[in-house]
Amino acid sequence: YKYVNKDHAEAKGITVSGTYRYNEISLNMDYTYMTAKGTSSDPQDAYYAAMGDEEPTKELIDLNWDQRHSVSTVLSYVSKGWLATMIGTLNSGLPYTPSFAQGEVSGSGTFVGLRENSARKPLTYNVDLRVSKSFEYKKLRTEIFFNIRNLFDTRNANNVYSDTGQPDYTLDGENQQGSQRIIEISDVDEYFTRPGNFTPPRFIQLGLRISR
């Protein structure tokens, strides 16, 4: 087996950035708009299609990393050994393939099936904070720092259920109410509770760094 360059993809985008400074305070903001389309997000899709006697995708679809809108803000304060930085990001949702309800309908009104990556996950936003104080003591450079990741403990969705588009709710839970196999493991709600569907919660770090 060997990989050959049969897939086609194109990525286009634009970034607008601006910086503002006033004494010890600086603010940087940038906005990016991007489209990423191609015949496949996975280089093995065409192989699996051939193995299943199916036609490989010929039309352009939204690729898995097609994030249309992205906003980033960095606010900093520097003065007399103090450094405080706040980083905020806001990103539109990535595409996913729905199980149903978003299928396409032909001109004659006939349902023609689901389109790959035709739905979007929820948007995500996050704020990180870093504060540090540096000083010298007996020829040693000392830094005390305080970091908080996910300052507001935001529950951003990493993954979603394909039937609902939500990270914490699926219709499969209702369909499996009578499943003895699941009941033996846990109740249905616990079975479909997936912490991995969310980004990590708030993380606080306090530290001391000493160098010569």
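At 62% relative accessibility, K58 counts as exposed, and its salt-bridge partner E55 is likewise exposed, with a relative accessible area of 60%. The closest N and O atoms of K58 and E55 lie 2.8 Å apart in this model, which is predicted.

## Overall make-up

The secondary structure of the protein comes to four helices and 10 strands. Read from the N terminus, the order of elements is β-β-α-β-β-β-β-β-β-β-α-α-α-β. Of the 212 residues, 26% count as buried, while the protein as a whole exposes about 14,900 Å², of which carbon and sulfur atoms supply 55%. Among contacts between residues at least 6 apart in sequence, 60% join residues at least 24 apart.

## Salt bridges

Side chains of opposite charge can pair when their charged atoms come close.

| Pair | Closest N and O atoms |
|---|---|
| K58 and E55 | 2.8 Å |
| D62 and R120 | 3.3 Å |
| R130 and E143 | 3.1 Å |

D62 and R120 form a salt bridge in which the closest N and O atoms are 3.3 Å apart. Because D62 belongs to strand β3 (residues 61–62) and R120 to strand β7 (residues 119–120), this pair ties together parts that are 58 residues apart in sequence. D62 is buried, with a relative accessible area of 14%, whereas R120 is partly exposed, with a relative accessible area of 30%.

R130 forms a salt bridge with E143, and here the closest N and O atoms are 3.1 Å apart. R130 lies in strand β8 (residues 124–137) and E143 in strand β9 (residues 140–149), so the pair ties together parts that are 13 residues apart in sequence. In this pair R130 is partly exposed, at a relative accessible area of 28%, and E143 is buried, with a relative accessible area of 14%. Salt bridges that share partners also join K37, D62, D66, R68 and R120 into one network.

## Strand pairing around β2

Strand β1 (residues 9–22) and strand β2 (residues 25–38) pair in the antiparallel sense over 14 bridges, and within this pairing S17 stands opposite D30 in β2. The two strands form a hairpin with two residues between them.

β2 also pairs in the antiparallel sense with strand β4 (residues 69–79), over nine bridges, and the bridge partner of T32 in β4 is S70. With β3, the pairing of β2 is again antiparallel and extends over two bridges. In that pairing K37 stands opposite D62 in β3; K37 and D62 are both among the residues of the salt-bridge network described above.

T85 is found in strand β5 (residues 82–91). Is this residue buried or exposed? At 16% relative accessibility, T85 counts as buried, because the cut-off for that class is under 20% relative accessible area. Leaving aside neighbours within four places in sequence, T85 is in contact with V74, L75, S76, D128, L129 and R130. R130, one of these contacts, is also the salt-bridge partner of E143.

## Two asparagines with positive phi

Most residues other than glycine have a negative phi. Against that background, which values does the model give for N23 and N117? Phi of N23 is near 55°, a positive value in a residue other than glycine, and N117 has a positive phi of about 55° although it is not a glycine.

The surroundings of these asparagines can be described in turn. N23 is found in the loop between β1 and β2, within the turn of the hairpin that those strands form, and N23 is exposed, with a relative accessible area of 63%. N117 is found in the loop between β6 (95–96) and β7, and N117 is buried, with a relative accessible area of 5%.

Note on methods: Residues are numbered from 1 along each chain as its sequence is written. This is a predicted model: local features need pLDDT of at least 70, side-chain atom pairs count only at pLDDT 80 or more; totals for chains, interfaces and linings use all residues. Side-chain values use heavy atoms; hydrogens and water are left out. A salt bridge is a side-chain nitrogen of Lys or Arg within 4 Å of a carboxyl oxygen of Asp or Glu. Buried means under 20% relative accessible area, exposed over 50%, partly exposed in between (1.4 Å probe, protein chains only). Two strands pair if DSSP finds at least two bridges between them. Contact means heavy atoms within 4.5 Å. Accessible areas come from the Shrake-Rupley method with a 1.4 Å probe; for residues, only the protein chains shown count as cover.
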